[in-house]
Amino acid sequence: MVLGYFLYGRFVESVFGPDNRSTPAVAKADGVDFIVLPSWKIFMIQFLNIAGTGPIFGAIMGAKFGPVAYLWIVFGCIFAGATHDYLSGMLSMRHGGANLPELIGRYLGNVPKQVMLVFSVFLLMMVGAVFVYSPASLLQKLCIDHAPNVEWLGDSTTWIIAIFVYYIIATMMPIDKIIGKVYPLFAFSLLFMAVALMVMLFVKMPAIPELWEGVGEASLTAKSVFPCLFITIACGAISGFHATQSPLMARCVKNEKMGRPIFYGAMITEGLVALIWATVAMYFFYDQPTPGYQQMAGGEQIISNAPGIVNAICADWLGVFGSILAILGVVAAPITSGDTALRSARLIIADFIHLEQKSIVKRLYVCIPMFSAVIALLVWQMANPEGFDVIWSWFGWSNQTLSVFTLWAITVYLVRQKKNYFITLIPALFMTTVCVTYLVSQQAFHMEPGPAYVVALATLVVSAVWFVTWYRRR
């Protein structure tokens, strides 16, 4: 993955061709959303914006598919995810810090723009809801374990309210007042957790499945590798959600040549975090002769509980102090993705209705109905026993479908600019096939594998023919 950053990342950068033109942070500075920030700070913010619980929970759930998870994280991150993030961020920068629906409309047409406007806002509100619930559950468990006598700290409602209040403040305030100050600290916590676990992997040298022992093994899940793995592990490989976050930082970059370390580099860093968690989870799932998870509190039941696995791994490997820091790092990731998701939703809505956001009153016009909708979604999720799983499954599919639209828009841009469009065409064809197959086999029609694979092949052929037809006409 490091070689991928220095070799393939440089190649992708050369295809796009950054130059010294004025960036939106300089040309459109407004003191709220368009602000020049130091490159190291932008990297930290971008990393936390895109990280969320995806590279942690997604990698843990993806580990159930066996060693094939390693391949998807590494190659998906280098050739699809980091390329997707870099080019979407740079494309936004070239168009004045444009949000994703604007870019979709410019390169795919007005109808896709309107669809993506609704689609992306709904996705971002889902992110705000699911990224309240998961950190709240981790904080609740942390307080129950280490402060059992303080009852109100062990109540998940307390943490949900606290996180939501933070969301409101961070969404409303200028980006350098809250996000720009606290994110570097949160990023340190998340990176500390990943590095500490990586060190423990070398110290303990646990027995884990190797690629040559069976890439297609799926010992702990009945789901098929294709398409389920590619939806389960999203943020650690490729995620459409990232394309909604990149414009936030595209509005803060002083020079285009900072794009590769910020956008491509942040995705590679996230992929490394996912790879560490997938490897650690492999041990707790597959260690021989007795799987590691059976040795932990909760036994086999813990296997379906990603927050529980995070708690167990950190407590077992890092001790009390290390586990507290590590869990705080895991908590920081979803919280910092949730607030910027809602910030992105505010900006997308404001751009659509042409409402300036320098005035705090104008920001309230957008935020009040938006937060009301998120609260309603959160209440439904908490009241419904299957609420979190339902939202998470649709979030996973929606997330990857967003990457499909983004990849096709970037491909059209590269064709128009007479640049090497294969770097996004191939991932676009692959992810289109994945998303359509997952929709018909898992979410909507529940097809058997045979018919689902026929649909997958047909989708690939139709997408390729459609592109070739458009390309020849152009």
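Here are legends for a few close-up views of this predicted model.

Local features need pLDDT of at least 70 and side-chain atom pairs pLDDT 80 or more, while totals for chains, interfaces and linings use all residues. Residues are numbered from 1 along each chain as its sequence is written, and side-chain values use heavy atoms, with hydrogens and water left out.

**View A. The aromatic cluster around W408.** Rings of Phe, Tyr and Trp (its six-membered ring) pair if their centres lie within 6.5 Å. By this rule there are 21 aromatic pairs.

**View B. R260 over the ring of Y5.** Here the charged end of R260 sits 4.7 Å from the ring centre of Y5. To count, NZ of Lys or CZ of Arg has to be within 6 Å of the ring centre and within 35 degrees of the ring normal.

**View C. A cis bond at P227.** The peptide bond running from F226 to P227 is cis, and its omega is near 10°. Most peptide bonds are trans. P227 itself lies in helix α10; helices are DSSP runs (H or I, at least four residues), numbered from the N terminus.

**View D. Positive phi at K418 and H446.** Neither is a glycine, yet K418 has a phi of about 60° and H446 one of about 50°. K418 is in the loop between α15 (387–416) and α16 (422–443), and H446 is in the loop between α16 and α17 (449–473). K418 is exposed at 77% relative accessible area, and H446 is exposed at 51%. Exposed means over 50% (1.4 Å probe, protein chains only).

Note on methods
Phe/Tyr/Trp six-rings, centres within 6.5 Å; stacked < 30°, edge-to-face > 60°. Helix = DSSP H or I, 4+ residues; strand = E, 2+ residues; numbered from the N terminus. Buried < 20%, exposed > 50% of the residue type's maximum accessible area, 1.4 Å probe, protein only.
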